[in-house]
Amino acid sequence: MNQFSRTLLGVLAAGVLLPAGAVDRPAVGVAFDLNVPRWQGQFGARRDELQAKVAAQVAAWMSQQMGFADFDAGSAGPQRLVLHLDVAPDAGAHQFKETQLRLELADVAAAAPLVWRFRSDERYAEPTGGVDAFAQEVALRLVDVDKQALVRQVLSKVPIASEAALWKDPVGWVIPFRKTDLCMDFKSMLRIENMLPSGAGPVLKEFLARASGDFAPREAAHAPSALRGRLFTEPVPAQDGLADLGRARPELVAVRAVYVTEYLPLQPCSKPVPPERVDFRGAPR
Amino acid sequence: MSRLATPWARAAGALYMVAACTAALGSDAYDVARDAARAAQALQDQGRWTDAQASLDAAAARCGSAPDARSCRSLVRYSQGYLAQREARLHPDDAPALLASAEDRYRAVLAEEPAHEATLRNLALVYVGLGRDEAAEAVLRQAMAVDAARTGRAALQLGQLYRDEGKFDAALATYQQAAAAAPADSAPPQAIVALYATAPERAAELRAMLAGWEATFPAVVDTGYRQILARATDAQVRERTVLDWVSLVARQGWVGPTTFAGLPLDWPPLADAARYVANPETPPAYGWWAAGPVRRSVLAQLALATAQAPEARATPARALRRLQVGMQFCPGYEAYQYDLQMKDAWPTRLELARATLALLAREPELDPKQAQQRWLVDELFFGKAGAYQSRDLAAMQRFHTTLGRWYAERGEWTGGSSTNGIFQLEHAIAVAGQRAARGEPWQPLQQEKQLLAGGYEKIGKPAQARAMYLDAASAFLDTDQVDEALDALGNADRIGGATGYPSDQATLRSLRQVATTRQALAADRLPPDFADAPAQRWLALPATTDAARRQRFKVLADLALRERDGQQPQAAATHAGAAFDALLSLKSLVGTADLVRLEQVLPLATAGADLGERGAVQVASLAATTGGDLARGLYVPAAGRPMYAVIRGDAVIAGRVGARVRASAALAGQVRRISVEAGHLDVFMREGSGDATKEAARTLQDVPGVRSLALISG
């Protein structure tokens, strides 16, 4: 197959698969679960208020740090991220117990829980300071989460898209976001699930791919304008099934889901400042 | 309008310039423009671009004759530019025309607001979209010059432009300017790390920078180290970096199943470390890691981290085994003390011993005869000298606390010179004091003080017991544990009465006054005029100790918040201002409860002030500030590192201005609003307030931090 026809097939596939307008980032609901009996007792009827407040703070922090999803404490989407505040499992009957934070996606099996210390046993008996103060204390501990593991162990289970366009020259995928949509820099890693044709019918093949550029093919006239500027990702070399992908006719390959496995934030994200964040009152300077 | 430079204003005394400004600020047109901007965005979201434009055109027509026409016009034009820019992203085929339209709108804003930073930044993005990089660079340079809120965003944007153009050094210098403007922001370091990804041959430079950011931005540093390990071409730099990185992830507790993912595991140092983490209950085959105590000490940090991993914590015997394996290959204390390479090494052996001791104390069945614990205590004593030698105050305090609590739990208050609870707790408290003296946040240590007071009592030292109960009471008040404070005061009183050590009666009385006042305040039992009662004179007197200042801040803040909730805005503002004054004079806040007080009191103390986009209070893990910002230590029980509340310089000015305005009878009701931006103070007076305007000039000309003062009437 010559280069032109390969490109054309890629375009055909892309034209079918990707919408012209903006695609929403996945919505992830956020919840907080206060699971330390001593503090549950202290907050009593205000426990729900505390949990809602912390959830909102966690959602705001996650949105700031992880631009590839839309975190919202009130979201009822299919994905729900839960931050638990637990007593450490080895605290036993000891009077002063270490407490820990544990982050997980509800109803999704993770490789391992993402856990980090909240208060040491020495500071267990310190007062909480009330709803606002305790919510602040939890929020301040977010800075010590292992962000690499947060993506690899937890957020990599959240699909960011259920479509992408296969491109054949070079082999790669155009995903339905620009890098500023996700605040995602090149070299971020994605996992892409494809249904590939085979002698036994379509089979599932997963590939790891690195974001490597803004899609801007030389033969621009043959590429739909909706694709231009979207993130182009290229498969990591030497993966099982890569040769099959290279041989497959693009229109027969269906991308099922796209996940982020390694996130490099784009700094600055370079989105224009919206009007609600400016103020023109005051003396001109 | 004219503006007074403060030095000149000071010299000129009552000289002032009143700007004849027709603005009736806060009037309706601006709010209508803001609503229109919001509605237009909603229309655009629905794909109704033409309707969105029409709604903004209609809003623009309403600005024409309004009193706040200029600000209204600017907001509408800005919104038009923003929406056109957004539309261009959605419709790439129409982008050139849409971006040209956005440029016109932003240029129109800048004609009236030449120093509006957000407009300049948005315009730069328009130019980037049009491929006019030189024009983008020019407006970003302007934006950097007017970055009043010191966000560093314009510099970041310019750095990215240079990066995209392949101008590494220019990008780096600009990112560094962004970092200097906003030292608590992780975005500039992140951008620098991403920049170095394009130059793996310069990894040594990056490594040097990363070391300085470890305490503040550990996640960014993690990314940077991983980048060097994955891509650096210089073998020596990689070898040094693997030590830095392993030490970082171990100390942060970031050791788990995905720790080594994405790293080149065909490289022996990483392969061996990964193998060890996968099987931490077996002593590692040393390989590269065996060469020298530094490498072994770093690898032993991994042992500590794996012992604290969730699967180990669920099975204490497993955690113990992991710690013991770490102790086996960790260098001995003598290496930390006498080997020059180990001079600045993290005290891994001490931490392993400390963790083991804590585990055994928690799990008595692992050490039924306490033989291991005794051995470890001896070991800790032998090595504690290392922490002292390196003057690592945080480590010193940790060890004294661990040992103090261990002895206290066993009731071992005396014996030997240092092998007892009294000695260790005294030193834990003393070292915490040294840390506070060198600028770290004040730690109340109320539990340690209470424990120590009890120890003094047990060994028959009533004078020390009484004094320590008073210290504990003060610390309990710091942590808002008023009932516990009253209990500690009761103990101090009891001991004084029984043994005739009445020397601290004045302290006892004043602490009791504070405690009862706070108790009544919390229960809402104080009469409205309580602050004027003779017993509460301490609220008005200049406090001589930081502890007294902290109490004054808490009481006045709580009072202001109670008045706010009780719909008494004047009284709330007055007490909030007084609380803010108290805050300016103290060094540390205690607990996030104080942080919440500060965050809630500040808007009351600065009511009627425009402070721009950036939040008035930020929490940072470094005390470094820029441009008049004020850092106060912040003790947070859960924090693993010192924290600081950083109050923006403009908010401090606004608070001081508010206090002076409230204190002046002549100014009462005459100041409509103030605006502070990078130290430039605008005071908007009511129309016809001639005498009050003179008074404002006299009263406000020397507010600390103010760079210029403009009085605007109308």
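1. The contact between the two chains draws 72 residues from chain B and 60 residues from chain A. Contact here requires C-beta atoms, placed from the backbone, within 7 Å. Helix H4 (residues 69-90) of chain B supplies the largest share of the chain B side, eight residues. That side has 36 nonpolar, 22 polar and 14 charged residues. Ala, Val, Leu, Ile, Met, Phe, Trp, Tyr, Cys and Pro count as nonpolar, Asp, Glu, Lys and Arg as charged, and the others, Gly among them, as polar.

2. The model is predicted: local features need pLDDT of at least 70, side-chain atom pairs count only at pLDDT 80 or more, and totals for chains, interfaces and linings use all residues. Residues are numbered from 1 along each chain as its sequence is written, with chains lettered from A and ligands numbered from 1 in the order in which they are written.

3. Chain B contains an open, mixed sheet of four strands, ordered S3-S6-S7-S5. Strands are DSSP runs of E, at least two residues; helices are H or I runs of at least four, and both are numbered from the N terminus. Pairing needs at least two DSSP bridges. Strands S3 (588-590) and S5 (617-620) of chain B are the edges. S6 (residues 630-635) and S7 (residues 643-647) of chain B pair antiparallel over five bridges. Ala631(B) has Val646(B) in S7(B) as its bridge partner.

4. Helix H30 (residues 649-663) of chain B is mostly covered, with twelve of its 15 residues buried. Buried means 20 or more other C-beta atoms within 10 Å of the residue's own, with C-beta atoms placed from the backbone. Gly649(B), Arg656(B) and Val661(B) are among them.
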